[in-house]
Amino acid sequence: MAPRCLPSLLVFYLCFCRNRADFYVFDDKIGLGRRFDGIGGLSGGGATTRLLVNYAEPYRTYFGASLHILKVEIGGDAQTTDGTEASHMHYEGDENYFRGYEWWLMKEAKKRNPDITFIGLPWAFPGWIGGGESTPYHYPSITASYVVSWIIGAKQFHDLDISYVGSLSFDFNLLICSYKLNNQILRETLDRVGLTDVGIIAADGNWDISTAMMLDPSLYGAVEIIGVHYPGTKTVQEALWTQKTLWSSEDYSTFNDDVGGGCWARILNQNYINGRMTSTISWNLVASYYQDLSFGRDGLMTAEQPWSGNYVVESPIWITAHTTQFAQPGWRYLQTVGNFTHGGSYVALTDGKGNLTVIIETMVIPRSLRMHPSCAEITELQMWYSKFDYANSKSTLFKKLPPIKVTEGFFTLSIGVDEVYTLTSVTTGQKGTYPDPPSSTPFPKSYYDDFDESPSFDEAPYFADQTGPHVFTLRQIITQQPIAWATDSDHTISIIGDYSWANLTVSCDVLIETANPGGAFVAARVSRGGESVRKAMGVFFFVMANGTYKVTNDIGGKRVLAEGLSGTKAGVWYTLSLTVKGQFAFGMLNGRVLWKDAVVLNPKNGWAAIGTHSFEFGQFDNFKAVVE
């Protein structure tokens, strides 16, 4: 017989049926669990939303993804996984709060959810921050002021309120004193300019800061949330002892097919069940970068073809909706949540006003689950359903089923393998609709850009900076190597096109601005970008300000295919043209063949690219790529 439900009491029984019944109880009479802080997506770490801004309307505005949190990279001019994002301060004294696309993205997110929470985190820093050192923490007051200036600029120029900032751990092996120094100075800097409501999330890495916080009261007071990356749904005892809010501040990073959707379903439930983490943020928000870069299609959805308008709303979007449409930040978890005996998990949340949401996932559960909820005050529950069909690729995603009638406090529900259910008293859920997107098409085989038309932000359409930022006039604009989290190349480079390109001609006008050792290049068949850009192979045609040229098979210039005199110098525009066909390549300078018959055995294909010989000023114009 079901227990009697008090007006504020929620009691549910779950029956797992094999040869015997195992009961699982949802009950608030023993008190509530932790506050639910929301589900989010991450743009950055790095350049993961690069191509999204180049999509034309109306493709960008059909409906939102019901996310509660948007975390963005505070650009640092350096490679941070799939590209570079421009800093708001390239140099000391330089301030520009309109660089990059994160401002645009946050404003678009705010249009769709005025209550969205914004977080900023620096993955890299301009070189001047370190004062000649390879760490941004040699002068922590300068670093803290740099981060805080970004928060102030977000409000002053874009009316964006940043709620949290990631701590300055930078994923280094920091000593306890370094944790204390960096976060305490950041807290003091925030407070001094009146940003007392901006919280610090630390250390955006592993759980080690938990021990440091227990040993140091000032560090404990500075950090509001302990945030970790990829915790595997588990926490550590030291983090629980702090009694601080715990977040998985970067998670998922999985190919976004249905297998990835199932992985995301497990993470969203089990991060709380196993680790008491009350927020989970997906890296990344939307896979809007060239797929052959690092971690291609590791977003909640895919939008990597702005030239065609094609995009794909992948299964992780709908799995997210199972939670985010039916529970909001400020709701509380019930304490009676957990893992099923034979696999799968369940969580329950309440707003404290009589609403209840239960999310069940049965990824790889081998048998059926029967559910017997009981509560005298609830007579009906809305039901939303997803079923992964990995074998036939015919999954059902976020489908509204008829409501379940609760009769005298009971109902029965049979649950199968690889399913997700949301049972809720919330009646506002909806599956957004959108017209079929345009068909997928490869990057145009003939592409030209004179850079005369100002784009919607400062990077030329479709160009993806891999080392060093380039503004829309295609000018390389930094002269000091940044402090990078990932591995930068010693040469700035921006890629474009289709990774399958093999036989093509790449041409561009270049202006070398640095006399010595200044230089610029065009390239074809570039094999690597992202955090592997330093190891990129291809055909790189350099001209130098000292009157020489060099053709190399690698971006580092160690495998020389041809070299000689070019007569080039700084301050003069030149037209470079590189043709690669089969196993041979030749290059032209101002329409005259400068070298020919260079043998190119590998790579067989890759992107086109332009760049500079070092971190130096340089200009580019009239870029053209033609594929045979």
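How many bridges join strand β33 to strand β34, and do the strands run parallel or antiparallel? Five bridges join them, and the two strands run antiparallel. This is a predicted model.

**The β33–β34 hairpin**

Strand β33 covers residues 584-589, and strand β34 covers residues 592-599. Ala-585 stands opposite Ala-598 of β34. Two residues lie between the strands of this hairpin. In the hairpin, Asn-590 takes a positive phi near 55°. In a regular strand, side chains alternate between the two faces of the sheet.

**Pockets and cavities**

| Space | Volume | Lining residues by class |
|---|---|---|
| Largest pocket | about 1,100 Å³ | 24 nonpolar, 12 polar, three charged |
| Second largest pocket | about 220 Å³ | six nonpolar, four polar, three charged |
| Largest cavity | about 110 Å³ | four nonpolar, five polar, four charged |

Start with the largest pocket. Its lining is made up of 39 residues. Phe-63, Gly-64, Ala-65, Ser-66 and Arg-112 lie nearest the centre of this pocket. Which elements each supply at least two residues of the lining? They are β5 (69-73), α1 (102-112) and α8 (315-324). Helix α1 gives the most, with five residues.

Next comes the second largest pocket, with about 220 Å³ of space. A set of 13 residues lines the second largest pocket. Tyr-290, Gln-291, Asp-292, Trp-307 and Asp-498 are the closest to its centre.

The cavities form a separate group. The model has eight cavities of 30 Å³ or more. The largest cavity is lined by 13 residues. Nearest its centre lie Gly-75, Ala-86, Arg-99, Glu-102 and Trp-103.

**Cysteines**

How many disulfides does the structure hold? The count is zero. A disulfide is a covalent bond between the sulfur atoms of two cysteines. Is Cys-263 buried or exposed? Cys-263 has 17% relative accessibility, so this residue counts as buried. The cut-off for buried is under 20% relative accessible area. Cys-508 has a relative accessible area of 1%, and therefore Cys-508 is buried too.

How values were computed: Residues numbered from 1 in each chain as written. Predicted model: local features only at pLDDT ≥ 70, side-chain atom pairs only at ≥ 80, totals over all residues. Heavy atoms only, no water. 1 Å grid on protein atoms, 1.4 Å probe; cavity = no way out; pocket = protein on both sides within 12 Å on 5 of 7 lines; lining within 4 Å. Points joined across faces, edges and corners; volume = space filled by probe spheres on them. Helix = DSSP H or I, 4+ residues; strand = E, 2+ residues; numbered from the N terminus. Nonpolar A, V, L, I, M, F, W, Y, C, P; charged D, E, K, R; others polar. Pairing = 2+ DSSP bridges. Disulfide = S-S within 2.5 Å. Buried < 20%, exposed > 50% of the residue type's maximum accessible area, 1.4 Å probe, protein only.
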